[in-house]
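Hello,

Here is the structure I promised to pass on to you. Please have it open while you read, and my notes on what turned up follow just below.

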2 protein chains.
Amino acid sequence: MPGPTAKELEFIDRFGLCFEKLGGTRTMGRIYAWLMICGAQQQSLTELAAALGVSKASISTVIRPMEEAGLALRLPAPGRQHSYRVAPGGVTRMLQVQFARMRLGAEVAEFGLSVLGKDRAAQRERLAEFRDFCEFTADEVGQELLTRWEQYRAKKRRKR
Amino acid sequence: MPGPTAKELEFIDRFGLCFEKLGGTRTMGRIYAWLMICGAQQQSLTELAAALGVSKASISTVIRPMEEAGLALRLPAPGRQHSYRVAPGGVTRMLQVQFARMRLGAEVAEFGLSVLGKDRAAQRERLAEFRDFCEFTADEVGQELLTRWEQYRAKKRRKR
DNA sequence: CTGATCGTTCAGAACTTTCTAAACGTACGC
DNA sequence: GCGTACGTTTAGAAAGTTCTGAACGATCAG
């Protein structure tokens, strides 16, 4: 099982930084990058640690959130070790999770409205709009996004 | 210019935490919350600092990104001080900025493809899909989101 | 049963981010 | 001009995050 080449490692690191900018952690990005480009279909935790030059502890702690976010897949282990690979449609899932978090915003806004007196119309207006927007993204966009992405991909595929 | 009441402060803090979860900083959220609910139409930097119990330096450094993200508006100052208020459609803008960042992901993926040999079809497939998804969100979703949000809001308004 | 291999957990180290206080530059009122 | 009020910048403190090494529990081969 060969580790990444120098060029591949540069890609891995750039991907890690990018992932950081988008709200994840660097290591999560690096793992995801390596899983995308490595020769093998899947990688064990120990292999990941070796390939990325990172402690097993790091991988272990970071990969759980990745599973929950729908980015990585842990396969029923052949042998006793766990195998990880990129989940199909992983990034899509990630965005959906992000959108779902907007519900929290709606809740907080609701609380704010309960705090604010009935007389403060202008402020209530602002808060209500914020709440609606959070609801909108949480409820509508998540699903809509998926179907539109399928369309987009299909169109792109047809061109080839 | 009264500061926030105890209840209002709780809202402000909860909003700050929520903002943190969604990728911003706590202080940004607290500022935004206070701008939404404070009695005055706008607040100077000094007023913000006093109301939130935070140093002026903090506000000053944090509010610039907020302006750039399209969250806060700096008004042509009456007197010599600057006045801030929530930008109309602020959160929408913020999401759009977030989406625009996906372009970086597309670039990195493109670089990855240039690194990967032509023979590694499976890996290239994964990378290409990632790139396409980044492009899709950056190009299409940002605009689409806006129009759909307008529709949603209009519908919501009609109900009242 | 014994030794080897693997993933997990925990305490502490290294690093980053965020905040503050103090010094500074500028504009205004007098 | 001189003092005052305002926002900005910078260096350093405080807090939080992420990583590592070591100890541990579990599983399998022999």
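Setting aside neighbours within four places in sequence, Met102(B) is in contact with Cys134(B), Thr137(B) and Ala138(B), where contact is taken as two C-beta atoms, placed from the backbone, within 7 Å. From C-alpha to C-alpha, Met102(B) and Thr137(B) are 6.9 Å apart in space, although 35 residues separate them in sequence. Met102(B) lies in helix α6 of chain B; helices here are DSSP runs of H or I with at least four residues, strands are runs of E with at least two, and both are numbered from the N terminus. Met102(B) is buried, with 23 other C-beta atoms within 10 Å. A residue counts as buried with 20 or more such atoms within 10 Å of its own C-beta atom, as exposed with 12 or fewer, and as partly exposed in between.

A word on the model itself: it is predicted, so local features need pLDDT of at least 70 and side-chain atom pairs count only at pLDDT 80 or more, while totals for chains, interfaces and linings use all residues. Residues are numbered from 1 along each chain as its sequence is written, and chains are lettered from A and ligands numbered from 1 in the order in which they are written.

Next, how the two protein chains are related.

Where the chains meet, 37 residues of chain B are in contact with 37 residues of chain A. On the chain B side, α7(B) gives the most, with 15 residues. By class, that side divides into 21 nonpolar, five polar and 11 charged residues. In this scheme Ala, Val, Leu, Ile, Met, Phe, Trp, Tyr, Cys and Pro are nonpolar, Asp, Glu, Lys and Arg are charged, and the others, Gly among them, are polar. Because 100% of the interface residues of chain B are also interface residues in chain A, the copies meet through the same surface.

The largest nonpolar core has 82 residues, and Ile31(A), Trp34(A), Ile31(B) and Trp34(B) have the most contacts inside it. Such a core is a set of buried Ala, Val, Leu, Ile, Met, Phe, Trp, Tyr and Cys residues joined through C-beta atoms within 7 Å. Beyond its neighbours within four places in sequence, Trp34(A) is in contact with Pro4(A), Ile12(A), Leu48(A), Ala51(A) and Leu52(A).

Chain B also has an open sheet of three strands in the order β1-β3-β2, with antiparallel pairing (strands pair if DSSP finds at least two bridges between them). β1 (43-44) and β2 (72-75) of chain B stand at the edges with a single partner strand each, so one side of each has no neighbour in the sheet. Gln43(B) has Tyr84(B) in β3(B) as its bridge partner.

Finally, the DNA. Of the 18 residues around DNA strand D, Thr27(A), Ala57(A), Thr46(B), Ala57(B) and Gln81(B) come nearest; a residue is near if its C-beta atom, placed from the backbone, lies within 6 Å. The largest share of this surface, four residues, comes from α4(B).

Best wishes
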